[in-house]
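Colleague: I am new to this structure. Please take me through it in questions and answers.

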Amino acid sequence: VAYWHPKLVLDVMCQVRLVGPSDVESVNDAMRVRLRPYLDEAQPGPCRAAIMALTTLGDHDSIGPMITLLGCEDGGLRENAHWALRTLTGLALSPSQETWARWHQAELAWLVREKPREFQHLRSQDPAEVANALREVLTHPLALKELHGALPELLQNRWPAVRVLACRTLAELKVQESVGKLVWA
């Protein structure tokens, strides 16, 4: 509907929060791309709706524009953007644009420089190295979705302590798509 009837995009955005994400990830991806341009303080109504919808869709790519909204004149948009940032990241940072911008820059740098190495350590045969890598990755909200996919592999680790750690982490993160792999394990 959002693609075929542009005049209904605001109505669609308002429904995303009620309906939730699609079971088809390509639909969610298409909606994220379609809704990001509405993160524009010049249009407060559609911007609020886009913030809510993109947060419901778990759109980490909208974090940068939401940080920008923390500096806008409209207090409601600032509050909505701050809520969305806290919801998307799980962090309780102050509503300061500078604070969030510093965190985001550091997080993006970690994703580029450190994340590949830490995910490689998750495949290690050394249980201490796996545990350390898991602890490190868990401190980076933008890597958690990828971690959801890597955790089921740890259920096959030869070390029981690593398997237990993987189970506990899956439960803590509420990774429902791994239930079948947990049952199999």
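The questions below go from the whole chain to single residues.

Colleague: What kind of model is this, and what is the average pLDDT of the protein chain?
Modeller: This is a predicted model, in which local features need pLDDT of at least 70 and side-chain atom pairs count only at pLDDT 80 or more, while totals for chains, interfaces and linings use all residues. Residues are numbered from 1 along each chain as its sequence is written, and side-chain values use heavy atoms, with hydrogens and water left out. pLDDT is the predictor's confidence in each residue, from 0 to 100. In the protein chain 94% of the residues score at least 70, and the average is 89.

Colleague: How many helices and strands does the protein chain have?
Modeller: Helices (H or I, at least four residues) and strands (E, at least two) are DSSP runs, numbered from the N terminus. Along the sequence the pattern reads α-α-α-α-α-α-α-α-α-α-α. The count is zero strands and 11 helices.

Colleague: What share of the protein chain is buried?
Modeller: Buried means under 20% relative accessible area, exposed over 50%, and partly exposed in between (1.4 Å probe, protein chains only). The C-alpha atoms fill a box of roughly 55 × 35 × 20 Å along the principal axes. Of the 185 residues, the buried share is 40%.

Colleague: What percentage of the contacts with a separation of 6 or more comes from residues 24 or more positions apart?
Modeller: Contact means heavy atoms within 4.5 Å. Among contacts of the protein chain with a separation of 6 or more, residues 24 or more positions apart account for 58%.

Colleague: Why do the buried residues of α1 line one face of the helix, and which helices are included in their cover?
Modeller: The buried residues of α1 (residues 9-19) are Val-9, Val-12, Met-13 and Val-16. Seen down the axis of α1, they fall within an arc of 100 degrees (taken from the directions from the helix axis to the C-beta atoms), so they line one face. An α-helix has 3.6 residues a turn, so residues three or four places apart point the same way. The cover of this face includes α2 (25-35) and α3 (44-56).

Colleague: Is His-82 buried or exposed?
Modeller: His-82 lies in helix α5 (residues 75-89). Not counting residues up to four places away in sequence, His-82 touches Leu-70, Leu-93, Ser-94, Pro-95 and Trp-100. With a relative accessibility of 10%, His-82 counts as buried.

Colleague: Which residues does Ala-84 touch, leaving out those up to four places away in sequence?
Modeller: Ala-84 is found in helix α5 and is buried, with a relative accessible area of 0%. Met-66 is 18 residues from Ala-84 in sequence, and their C-alpha atoms are 7.8 Å apart. With residues up to four places away set aside, Ala-84 touches Ile-51, Thr-55 and Met-66.

Colleague: What is the relative accessible area of His-60?
Modeller: His-60 is found in the loop between α3 and α4. Beyond four places in sequence, His-60 touches Leu-88, Pro-141 and Leu-142. His-60 is partly exposed, and its relative accessible area is 25%.
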